[in-house]
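My entries follow in the order I made them.

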Amino acid sequence: MSQAILFVVTGPSGSGKGTIMRSIVATYKDLVKMATYTTRKPRPNEECGFDYNFVTPEVFRAKIEQGEIAEYEQVYHDHYYGSPQFDANTGPDRLMELDFNGMYKYKKTTTRLVSIFIAPPSLEVIVERIMRRSREANLERRIGNAYEQLGQADNYDYIIINDAVEVACAEAIAIVRAERVKRDHAQRAGLIREMCAEKCGPKS
């Protein structure tokens, strides 16, 4: 059986991560989207169980105590975000949204992790997108976090500039396909060796 791949998507708020991840899941039906946990309220276009598992602070703390959350942090100094506890090296290929801290933590324990960073075409665009969706109370924090995330982009396997969403989605889909083919290289090479052995092997 092929070894599982964990595809991690990171990007600042408003970079289009949700749209791109939906296009990946729609293309690869066997790829499992892992929803992380958050204590913030869902936005109108977000789906509980896909974008996030939206829970109360009390439920979040209980899941930490029960060992259901692998790593967590308080983002923007108001809401908590955490990733589910699971074995990323077994089972199906998975897709998960994490910030750079979460990506680094999973990279230490995951045999095949492919990191994809989604970036806006310019700083002006990301500030505009954040201003459209953020409360005044955490606007500066979100912009500061966006700059912090962008500073880590060079440490990712792939960088996608989301200037045109159709192109960005196509690039992400191509990355998943290429990494799966690369993962299966040894298995395919073995099949070819068997084919050659049958054709070129000694005759009785």
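I looked up Ile116 and found that its bridge partner in β9 is Tyr158. The model is predicted, so I kept to its cut-offs: local features need pLDDT of at least 70, side-chain atom pairs count only at pLDDT 80 or more, and totals for chains, interfaces and linings use all residues. Residues are numbered from 1 along each chain as its sequence is written, and side-chain values use heavy atoms, with hydrogens and water left out.

Entry on the parallel sheet. Strand β8 (residues 113-119) runs parallel to β9, and the two share four bridges. I took strands (E, at least two residues) and helices (H or I, at least four) as DSSP runs, numbered from the N terminus. Two strands count as paired if DSSP finds at least two bridges between them. I then read off the whole sheet: it is open, has five strands in the order β2-β7-β1-β8-β9, and its pairing is parallel. At the edges I noted β2 (32-34) and β9 (158-161), each pairing on one side only. Direction ignored, neighbouring strands here are turned by 25 degrees against each other on average.

Entry on the helices over this sheet. Helix α6 (residues 165-183) lies across β1, β8 and β9, and runs at about 160 degrees to β9. For such angles, axes are lines fitted to C-alpha atoms, for helices over the stretch in contact, and the angles run from 0 to 180 degrees between N-to-C directions. Contact means heavy atoms within 4.5 Å. I found α3 across β1 (6-10), β7 (94-97) and β8, at about 170 degrees to β8.

Entry on the mixed sheet. What is the order of the open sheet of four strands? I read β4-β3-β6-β5, with mixed pairing. β4 (52-54) and β5 (69-75) are the edges with a single partner strand each, so one side of each is left without a neighbour in the sheet. From one strand to the next, the twist averages 25 degrees. β5 pairs with strand β6 (residues 79-84) in the antiparallel sense, over six bridges. Within that pairing I looked up Gln74, whose bridge partner in β6 is Tyr80. Helix α2 (residues 57-65) packs on the sheet and touches β3 (36-38), β5 and β6; its direction makes about 140 degrees with that of β5. Helix α3 (residues 100-109) lies across β5 and β6, at about 160 degrees to β5.

Entry on aromatic pairs. Rings of Phe, Tyr and Trp (its six-membered ring) pair if their centres lie within 6.5 Å; planes under 30 degrees apart count as stacked, over 60 as edge-to-face and the rest as tilted. I counted eight aromatic pairs by this rule. Phe60 is in helix α2 and Tyr72 in strand β5, twelve residues apart.

Entry on salt bridges. I searched the whole structure and found 13 salt bridges (a side-chain nitrogen of Lys or Arg within 4 Å of a carboxyl oxygen of Asp or Glu). One joins the side chains of Asp51 and Arg22, at 2.9 Å from N to O. Asp51 lies in the loop between β3 and β4 and Arg22 in helix α1 (residues 17-27), so the pair ties together parts that are 29 residues apart in sequence.

Entry on Val25. Val25 is also placed in helix α1. Leaving aside neighbours within four places in sequence, I found Val25 in contact with Leu31, Lys33, Phe50 and Leu95.
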